[in-house]
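Please consult the display below while working through the numbered points.

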Amino acid sequence: MDQQSSKARAMSQAYHRYALNYINALNYLETLRRHAEFGEFEKFCMRDPRCKKLQLTDLLVSPVQHIMKVPLILKDIQSRTNEPQEKELIAQILEIQENSIRELDDKMRWLKNFERLLEIQRNIVWPSILEMEPKTWVPEFLRVALSRQPCDSLVVSPRRQIIHEGLLQLWDTGKPTETYVILFDDMLLVTRRKKGLSKKKSSLTENWASSCGKNTGVVGSGLETNHRYIVYRQPISLDRFFIHDIGEAENTTAKLDFAFVLVSLNRFQQIVSVHTFQATSDTLKSTWLQKLKATQDKWKRTLQNTVFRGVRSSTDSGQSNVASALLGNISSKTFLRRET
């Protein structure tokens, strides 16, 4: 029985490897089909009676379809079985197969997320300190060393998850600027289209625009390197900001429909930045607020159980004091409201 279980496990892992590489196989097939010689060879093979007039793509997807059909077949067999002992055995096999599919599903989600991280990292630019703070005087002998950020490979991490991404208007210097905002499980990244490049759409632009309002890990193909996005200021850690929802009363004077504000503090409880974002609809705004709040709460719990385990987070207590001080100096009781 143990030997059969080991064999079944090995077979299951083989199917997992195939399914995880299925998309790569299709992409490689498209590359091969650009060559006339391969096209002729494929047509010759398709004439083989064993292909049953199926295309190569139909044959390639068969193992993936087989994985999904196995539990359905087992359930059908179980419903037609009367012997209790055999029925119990089928139930055990069915549980193993369903667990295998759930494991494969988790692997697929991780792979899509990781490929998306790679795509984002390839297509964003981190401005140097000389670009972010042009008025800052830097000794000539340090200019070359400081002309590049050491965080240019920050995005890709096996444990980092993309929670939400999409287009938002950022009010900067009194006027709106289109930005592409990415919410990770530990930080918020705000980017802007780099100027002076071709206006022809790349798959990155299309993917980013189409994924607005979705929790997506879909990766585009055939990226064009002349389309890049530049990081605005610096990433915002999820435990370092307050969320303020601009209500109807404030909107009457501010004229900011579907907007919300993020007020960021450093570890010394000093306010260091204010980001005013504006969505295109109330639904998109609500989605962003819900995702931000839930992800921020989860990240704070993670810190509390790891970095600040056994002690109260200095960030939480400090930010509470800052919020109380600010609330005492303004008339609106909703400003800098802590999301609870």
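1. Leucine 188 counts as buried because its relative accessibility is 1%, where buried means under 20% relative accessible area, exposed over 50% and partly exposed in between, computed with a 1.4 Å probe on protein chains only. The model is a predicted one, in which local features need pLDDT of at least 70, side-chain atom pairs count only at pLDDT 80 or more, and totals for chains, interfaces and linings use all residues. Residues are numbered from 1 along each chain as its sequence is written, and side-chain values use heavy atoms, with hydrogens and water left out.

2. Leucine 188 belongs to strand β4, residues 187-193; strands (E, at least two residues) and helices (H or I, at least four) are DSSP runs numbered from the N terminus. Beyond its neighbours within four places in sequence, leucine 188 has contacts (heavy atoms within 4.5 Å) that include Val181, Pro235, Trp288 and Leu292. Leucine 292 is 104 residues away along the chain, yet the two C-alpha atoms are separated by 8.9 Å.

3. Asparagine 113 lies in helix α4, residues 84-122, and is buried, at a relative accessible area of 6%. A polar atom of the asparagine 113 side chain is 2.8 Å from the backbone oxygen of arginine 160.

4. Where does helix α3 bend? The bend, of about 35°, is at serine 62, and proline 63 follows within four residues; the angle is taken between axes fitted to the seven residues ending there and the seven starting there. Among the buried residues of α3 are Leu60, Val64, Ile67 and Gln78.

Key: A polar contact is a pair of N or O atoms within 3.5 Å; within protein, one must be able to donate a hydrogen and the other to accept it, and residues adjacent in sequence count only if both atoms are side-chain atoms.
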